[in-house]
Each structure stands twice: as C-alpha cells, then as structure tokens.
Amino acid sequence: MKTTAFQRKIMVSADGPGLISQAGGLLLLETLRVTGLGRELSAQLERWRPSRAIHDPGKVIADLALTVALGGDCLADIAMLRAQSEVFGPIASDPTVSRLIDRLAADPARALKAIRTARAIARERAWMLAGTHAPGADGELIPVDIDATLVIAHSDKDQATPTWKKTFGFHPMTVFADHGPAGGGEPLAIVLRPGNAGSNTAADHITATRLATAQLPKHRRRQVLIRTDSGGGTHEFLTWLTRPGRRLSYSIGFALTEEVQAAILALPEQAWTPAYDAEGQVRPGAWVAELTGLARLDGWPKAMRLIVRKERPHPGAQLRFTDIDGHRFTCFVTNTRRGQLADLELRHRRRARCEDR
C-alpha cells in the first residue's frame, strides 16, 4: 500500500520568497514521517477505506489532527490545509471527510482501538529515537499525571451538560507523561466525559490509567508513577493500582478527614522536617511529616504511606475550616518506600504542572 502523505523536505531560508502561512504545520508533518505515525494510521484504518477510494483514511485523520493543532475546531476547518495543497498534499473534500467520520462512528470501539494502536507504535519509535533523552531511559520512574478539566461548549453537543462551575460543556479526564521542568507534558490519553461527571470517579481514573499505560512502550510500563490530586484518592482506584502483578507506583492526594486531623495534632514537634521549594531548597514556613501508623488506614492498600505537608498561608490567603492553628495542611499517599519525606512531597507537588496543560 502506498501512502499519499506529502513528504517533501523542509527548506528554511531568510530571503523572503516562498513565505507560507501555517508553516508550523510542516514540523508536524515531519513528525508524522519520522515517527511513522502517518504510515501506521494508514495501516490501522485500512479496513475503513472503501474500494476505489482516492483518499487514505489515515491521511484524512492525520489532516484533521493537524487542523486542530493549527487552530481549527470543526471538520470544515480542514479547508486551511486544502488552500495550500502544495505544502500539505492532497486534502479530502468536506463530504469525503464527513463520510469517513460517519464510517468510524458506526464502529467507535474498533476505530478508537485502531487509532490508539497507531499512536502507541509511533510513540515507541519516537522514544527509541530519543535515546537517552526518552522518559525512563535513566531508569527513573515516569510520572504519569491524571487530571480532570472543564471544556466549555457554546452550543448543544453530544454529552455536553451543565458543570459543577455552572458552565456548560464537558469534563474530560486527561493523562500526561511529565517530562520534567525542562520539558513539556506528553498527552497519553483523554477520556471524553459529560460536564456533570465527577472528579473522583474511580471507574474513570481506571479507564484513563489503562489507556495511558497502553500508550507506553512495553519495557517502560513498570516504571510508571501515577499521580493525581485527591480526586484519585478513592478505595477503588488505589485497590486497582495495587492489585498483585500490576507493579505501578503512585503518589495520590488524600482527603483531610477528622481522623487525619487528629493524627496531625498528635504529632510531636520533632516529627516535622523542612519542606523543599520547586528548586529543591529548604522552603521557610513549610514542613512535612509522616502519619503512617498514627491515622487508621483500615481498608486501604497495605504498604500505603500517608504524608502531610504543613505551611503558613501566604499573606492575604483565606484560611479553610480544615486549617489548624493558622497553618494549611495537605496530604498524599504513596507506596514509595525510600527517599526523604521532603523529596517525596516535592515529587508529588510537581503534579500541578499538568494543570497548565
């Protein structure tokens, strides 16, 4: 099978002639070529290609993804690529695009599986090409951050409902592989959910984790550190994460219950050690301590550690009813056995980077 993807080399000059709009799309086309994503999409979606069809379904889906990356928000916006076919290659007409989406929507489970398989194969090649710069190449854990976010819909759409913030739209669950402060977040999975979906729904966290880990190269799937806020701190999700044979590490926010508050009050002063700032330096006015063994954790997974952070709120911050003695407390649980408390707490706090994505 011969792909119809456009594969001309990128030429960059500073002389002015040959200027084009949407030039950033060329880098994405090159990514499709180098990682083999375009080729894999064509192979995985071949079953949805009608006989005598001119346009390859894999190329059409890649073009739609490129359209979204360039700012499009509907199928018809693929016209921005069609206007520059000498750059992006042959682009399907609007009716052809719509018919393909209808065919894929008639068998969504199989279609999504095909697209996810193509993405996983291309990701493995990308990480192989990255060599020592690939996540987990140093033998360290790969932080995989799960977070729910609100997406506003301005008209009635499938699964769009009122949200808890009194807006209207969706509440998808997103999963990113964190590449650290020097890199960005690599999207592994996004689970579409109605706007009224809960933030602490264990079934959705499990689905998102399954989809995300399936995107990782097989030899890296035991190097995963699942991080979530307290929305993931449920019995069901933690039990699933720690099921025998799963071998997933976790660092998950934990609710500050009355029992946990009582355990905090019972901590002696010498139990607190200084917390670190984002640079790994001691942060004045912030401390960490371990509550494992002080708070009852009946029914929770074995080997689960409970760690608490105490800090003075910044000037002007409004205290919450869970704050004690003028300090703000946050908790998380982890199954990591080694490492200083301050390092484990800083590792957990870095999960907040996913909220910027």
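Q: In which sense, left-handed or right-handed, does H2 pass H7?
A: In this predicted model, H2 passes H7 in a right-handed crossing. Helix H2 covers residues 37–44 and helix H7 covers residues 108–130.

Q: At what angle do H2 and H7 pack, and how far apart are their axes?
A: The angle is about 150°, and the axes lie 9 Å apart. An angle over 145 degrees counts as roughly antiparallel; H2 and H7 are therefore roughly antiparallel to each other.

Q: Which residues make the contact of H2 with H7?
A: From H2, Leu37, Glu40, Leu41 and Gln44 take part; from H7, Ala114, Ile115, Thr117, Ala118, Arg119, Ile121 and Ala122 do. These residues comprise seven nonpolar, two polar and two charged ones.

Q: How do the strands of a sheet pair?
A: Strands of a sheet pair through backbone hydrogen bonds, in either a parallel or an antiparallel sense. Here, strand S5 (residues 173–178) and strand S6 (residues 185–191) run antiparallel and are joined by six bridges. Within this pair, Val175 stands opposite Ala189 of S6.

Q: How many residues lie between S5 and S6 in their hairpin?
A: Six residues lie between the two strands, and Gly180 in the turn has a positive phi of about 90°.

Q: What is the order of strands in the open sheet of three strands?
A: The order is S2-S4-S3, with antiparallel pairing. Strands S2 (151–152) and S3 (161–162) stand at the edges with a single partner strand each, so one side of each has no neighbour in the sheet.

Q: Which residue of S4 is the bridge partner of Ile152?
A: The partner is Gly169. S2 and S4 (residues 168–170) pair in the antiparallel sense over two bridges.

Conventions. Residues numbered from 1 in each chain as written. Predicted model: local features only at pLDDT ≥ 70, side-chain atom pairs only at ≥ 80, totals over all residues. Heavy atoms only, no water. Axes fitted to C-alpha atoms, helices over the stretch in contact; angles between N-to-C directions. Helix = DSSP H or I, 4+ residues; strand = E, 2+ residues; numbered from the N terminus. Parallel < 35°, antiparallel > 145°, perpendicular 65-115°, else oblique. Left-handed = near helix turned anticlockwise from the far one by under 90°. Contact = heavy atoms within 4.5 Å. Nonpolar A, V, L, I, M, F, W, Y, C, P; charged D, E, K, R; others polar. Pairing = 2+ DSSP bridges.
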